[in-house]
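Here is a short tour for anyone who likes to look at contacts atom by atom. Have the viewer open and follow along.

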Amino acid sequence: MHELAVAQALVEQVDAVIDQHRAGSATAIRVRIGPLAGVVPELLATAFPLAAVGSRMEGAELEFVHAPIRVRCQTCGAETEAVMNRLICGACGDWHTQIISGDELLLESVELETIPSLTPES
Amino acid sequence: MCDTCGCNLTPGNKHLAFKPAAKGATAVSVLKGLLQKNDDQAGHNREHFDKRGILAINLMSSPGSGKTALLEATLTALKDEFTCAVIEGDLETENDAERIRAKGVQAHQIVTGTACHLDAHLVHDALHHMDLDGVDILFIENVGNLVCPASFDLGQHLNVTLLSVAEGDDKPAKYPVMFRAADAMLLTKTDLLAVLDDFDPAKAEAHLRDLANPAPVMRLSARKDLGMDAWLAWLRDQLAAQRARVAIGQSRRPAIQGDGMKYHSVSA
């Protein structure tokens, strides 16, 4: 539902990266996303082209790195996989755990097309 | 295993498989939160609150679980003790802000149009329409929605999530992103438990614990004035804690936001 807002934020961030590297455009964008971020990759993939219309990343490939849910138990110290609505320790069953992966919503990397005139052949 | 067609890529190792960049192209690593701009604005809002010693609370729930009724009862109970202010978020109408103003409390209505959640920029705009001098507690009543509001930091110090007993006691299991974000969970409309006996408060709490959330669970009915004392005592404690933090130049973010980030091995 709110994926369009997230897509717009993504476009702004990639735009800043393009500026920062004085590049011409972005051709591929890699986003790391965990189930607990509350953002659905498929919906973000649908919203992204709409948000990117007329920008320097129109037509860029959007790739997702799916972060698995992992928790660290504060009682027994084990690190185990968990599912979204059962974030308990897979080893001892305690619910005093911390998420160590699975709630990320990160712009991981961007592939940029450089402007030829600024990058002479070496 | 094959190293050419990509069939050996798994969700676990995919991030390591950097494609060689084409000539004239460079791959740059960014590793920034996608909602960084919202989070920066939220941090700025939090500074506004901390500078004035205000405790900011974000109320979230499904539509109709009693957020506004809770606020009406709370503002009435606290009117001689603290100065409160309210930001209301709805898709349409000024109705909720008017209900709050009828209690003699300053309220600003954010009409989101079609947006399903408040974000830090909307809250910041609202703050500039308000007189924050002398305010002790600012309540932000988010758009009634158990999905989207959980993903956007507004600059609040605490998230309070309501679950009315007219809903299912498995709501925390169905909407884990929302309930994981709760610093307190309020089971509301408990006067209806007598007739809605398929709602088991103990089960609702167990589902919350399954999300590794230690937040206190309080049962109350704002309309019938049941269980309000524990909620009001919690608010007083939280305001005292906020004042103690402000006195030593510290702040607090809701339990969820930013907590996970420090454990993520962003170097991976």
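Asn159(B) sits in strand E6 of chain B, which covers residues 158-164. Bear in mind that this is a predicted model. Is Asn159(B) buried or exposed? Its relative accessibility is 1%, and because the cut-off for buried is under 20%, Asn159(B) counts as buried. The side chain of Asn159(B) has a partner there: a polar contact of 3.1 Å links it to the side chain of Asn58(B).

Leu158(B) belongs to strand E6 of chain B as well. With a relative accessibility of 1%, Leu158(B) is likewise classed as buried. Which residues touch Leu158(B), once neighbours within four places in sequence are set aside? The contacts include Leu55(B), Ala56(B), Ile57(B) and Asn58(B). Asp183(B), Trp234(B), Gln238(B), Arg252(B) and Pro254(B) are also in contact with Leu158(B). Ala255(B) lies 97 residues away from Leu158(B) along the chain, yet their C-alpha atoms are separated by 7.6 Å.

Now let us turn to the place where the two chains meet. Chain A contributes 49 residues to the contact and chain B contributes 43. About 4000 Å² is buried between chain B and chain A, and carbon and sulfur atoms give 59% of that area.

| Item between chain B and chain A | Count |
|---|---|
| Salt bridges | 3 salt bridges |
| Polar contacts, both residues at pLDDT 80 or more | 14 residue pairs |

Which elements of chain B supply at least two residues each to the side that touches chain A? They are strand E1 (25-33), helix H1 (36-51) and helix H6 (176-180). E1(B) gives the largest share of that side, with 9 residues. Sorted by class, the side of chain B that touches chain A holds 23 nonpolar, 12 polar and 8 charged residues.

One salt bridge between the chains is formed by Glu12(A) and Lys37(B), whose closest N and O atoms are 2.8 Å apart.

How many bridges join E1(B) to strand E6 of chain A? There are 7 bridges, and the pairing between E1(B) and strand E6 (residues 105-114) of chain A is antiparallel. To find the pairing in the viewer, pick Val28(B) in E1(B), which has Val110(A) standing opposite.

Key: Residues are numbered from 1 along each chain as its sequence is written. Chains are lettered from A and ligands numbered from 1 in the order in which they are written. This is a predicted model: local features need pLDDT of at least 70, side-chain atom pairs count only at pLDDT 80 or more; totals for chains, interfaces and linings use all residues. Side-chain values use heavy atoms; hydrogens and water are left out. Contact means heavy atoms within 4.5 Å. Buried area is the accessible area (1.4 Å probe) that two parts lose on being put together, summed over both. A salt bridge is a side-chain nitrogen of Lys or Arg within 4 Å of a carboxyl oxygen of Asp or Glu. A polar contact is a pair of N or O atoms within 3.5 Å; within protein, one must be able to donate a hydrogen and the other to accept it, and residues adjacent in sequence count only if both atoms are side-chain atoms. Helices (H or I, at least four residues) and strands (E, at least two) are DSSP runs, numbered from the N terminus. Ala, Val, Leu, Ile, Met, Phe, Trp, Tyr, Cys and Pro count as nonpolar, Asp, Glu, Lys and Arg as charged, and the others, Gly among them, as polar. Two strands pair if DSSP finds at least two bridges between them. Buried means under 20% relative accessible area, exposed over 50%, partly exposed in between (1.4 Å probe, protein chains only).
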